[in-house]
Amino acid sequence: MQLSAATWTDAAAVETDLAVLPVGSTEQHGPHAPLGTDALAAETVAEAGVEAYDGEVVVAPTVPVGVAEEHRHFAGTLWVSPDTFRDYVGETVAALASHGWDRVVVVNGHGGNIDALRELCARRTRDGDAYVVPFTWFDAVSLDPDRADSGDGDVPPPPVDLAGVAMGHAGPVETSLVRAVAPDLVREDRFEAAAAGAADGWGEWAAGVNLAYDSAEFSENGAVGDATESDPALGEWLRDRAAERLADLLDRVATRDVTPPERSGSRDARERHSGDE
């Protein structure tokens with residue numbers, strides 16, 4: 001059930017404790033892909049994963065602005081601090097939990113959100129508001145040709161050769177996904193220019209350290225990777241594989257025993273262990 005399209009009476013009638021909260025970003029994705037790429041990806045994967053899951057799930061509205069200051073040099077990029085992001089997403093989770101949807105999967109579409117999400121999900125879970133786990137769609141799908149789904153059974157093989165395909169930023173992976181789900185938002189006539197000004201990899205590395213904090217330090221137009229190698233068929237495959245992984249996760253979250261373990265130094269634990277002696 002999509003909360004934004006439901007009435008409050010519809011929401012009250014839903015018999016589930018499971019919810020997903022898509023979170024993304026509004027940030028530059030080169031000269032060819034939309035600023036809302038990450039929010040679109042999170043929302044698309046969340047909806048596809050819920051559809052693939054055999055059960056009822058509440059889908060919260062997408063959080064469109066995230067931790068993206070590293071792209072601030074490019075017009076249109078919006079960002080909040082990690083503290084603000086954790087507070088906003090965490091309080092949204094608390095609001096979901098207040099209505100009984102207290103098993104929440106946060107579906108993430110932006111790499112800059114990952115650290116903050118892991119921390120806030122742990123905090124909410126440890127404080128007892130809800131059981132919350134983060135799911136970053138592009139981390140859930142392997143791009144390693146030796147590990148990607150082979151096509152056995154009902155799983156189709158990758159539609160393109162994955163050798164050399166990397167996540168990047170506004171490169172073949174993200175561009176393929178947007179071309180699959182919202183092709184009108186992609187400026188294909190800018191692919192060549194995007195590739196010409198793109199970086200080959202993320203950052204500027206020395207001794208295992210990324211010396212760059214901002215994408216403008218190593219990418220002329222903000223892109224990392226070659227958008228000319230994108231393919232809508234790859235985008236569909238990525239969406240479907242991510243949806244399957246999310247559906248599996250939803251099943252685990254729905255059935256997992258989330259009773260917090262007792263602290264070994266608690267009085268009840270000491271009394272129980274002393275009684276076993």
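The legends below describe close-up views of a predicted model.

**View 1. Helix H6 and its surroundings.**
Helix H6 spans residues 172-181 and is mostly covered, with 9 of its 10 residues buried. The buried positions are Pro172, Val173, Glu174, Thr175, Ser176, Leu177, Val178, Arg179 and Ala180. These buried residues pack against helix H2 (37-52), helix H5 (137-140), H7 and H8. Two of these neighbours, H2 and H8, are shown in the next two views.

**View 2. The crossing of helices H2 and H6.**
The axes of H2 and H6 lie 10 Å apart, and the two helices pack at an angle of about 65 degrees. Their crossing is left-handed. From H2, the contact is made by Thr37, Asp38, Leu40, Ala41 and Thr44; from H6, by Glu174, Leu177, Val178 and Val181. Sorted by class, this contact of H2 with H6 holds 5 nonpolar, 2 polar and 2 charged residues.

**View 3. The crossing of helices H6 and H8.**
H6 and H8 cross at roughly 90 degrees, and their axes come within 7 Å. The two helices are therefore roughly perpendicular to each other. On the H6 side, Pro172, Val173, Ser176, Leu177, Arg179, Ala180 and Val181 take part, and they meet Pro232, Leu234, Gly235, Glu236, Leu238 and Arg239 in H8. The contact of H6 with H8 has 8 nonpolar, 2 polar and 3 charged residues. Leu177 of H6 belongs to this contact and also to the contact with H2. Val181 of H6 likewise meets H8 and H2.

**View 4. Threonine 175 in helix H6.**
Threonine 175 has its place in helix H6. The residue counts as buried, at 1% relative accessibility. What does threonine 175 contact beyond its neighbours within four places in sequence? The partners are His32, Ala170, Val186, Phe191, Ala227 and Ser230. Serine 142 is 33 residues away from threonine 175 along the chain, and the C-alpha atoms of the two are separated by 17 Å.

Arginine 187 sits in the loop between H6 and H7. With a relative accessible area of 35%, arginine 187 is partly exposed. Leaving out residues up to four places away in sequence, arginine 187 touches Pro31 and His32. Proline 31 is 156 residues from arginine 187 in sequence, yet their C-alpha atoms are 7.8 Å apart in space. His32 is also among the contacts of threonine 175.

**View 5. The crossing of helices H3 and H4.**
Helix H3 (residues 82-98) packs against helix H4 (residues 114-127) at an angle of about 40 degrees, with 10 Å between the axes. H3 and H4 are therefore oblique to each other, and their crossing is right-handed. The residues that meet are Phe85, Arg86, Val89, Gly90, Glu91 and Ala94 in H3 and Ala116, Leu117, Glu119, Leu120 and Arg124 in H4. By class, the contact of H3 with H4 comprises 6 nonpolar, 1 polar and 4 charged residues.

**View 6. The aromatic pairs.**
The count of aromatic pairs comes to 2. Tryptophan 137 and phenylalanine 138 form an edge-to-face pair, at 5.8 Å centre to centre and 85 degrees between the planes. Both of these residues, tryptophan 137 and phenylalanine 138, are buried. Tryptophan 202 and phenylalanine 218 also form an edge-to-face pair, with 5.0 Å centre to centre and 70 degrees between the planes. Tryptophan 202 lies in the loop between helix H7 (191-196) and strand S5 (205-206), and phenylalanine 218 in the loop between strand S6 (209-210) and helix H8 (232-255), so this pair ties together parts that are 16 residues apart in sequence. Tryptophan 202 is partly exposed, at a relative accessible area of 35%, whereas phenylalanine 218 counts as buried, at 16% relative accessibility.

Methionine 1 is found in the segment before helix H1 (8-13). At 22% relative accessibility, methionine 1 counts as partly exposed. Apart from neighbours within four places in sequence, methionine 1 is in contact with Ala6, Asp10, Ala11, Val14, Glu56, Val57, Val58 and Val59. Threonine 175 is 174 residues from methionine 1 in sequence, and the two are 28 Å apart in space, C-alpha to C-alpha.

Methods
Residues numbered from 1 in each chain as written. Predicted model: local features only at pLDDT ≥ 70, side-chain atom pairs only at ≥ 80, totals over all residues. Heavy atoms only, no water. Phe/Tyr/Trp six-rings, centres within 6.5 Å; stacked < 30°, edge-to-face > 60°. Buried < 20%, exposed > 50% of the residue type's maximum accessible area, 1.4 Å probe, protein only. Helix = DSSP H or I, 4+ residues; strand = E, 2+ residues; numbered from the N terminus. Axes fitted to C-alpha atoms, helices over the stretch in contact; angles between N-to-C directions. Parallel < 35°, antiparallel > 145°, perpendicular 65-115°, else oblique. Left-handed = near helix turned anticlockwise from the far one by under 90°. Contact = heavy atoms within 4.5 Å. Nonpolar A, V, L, I, M, F, W, Y, C, P; charged D, E, K, R; others polar.
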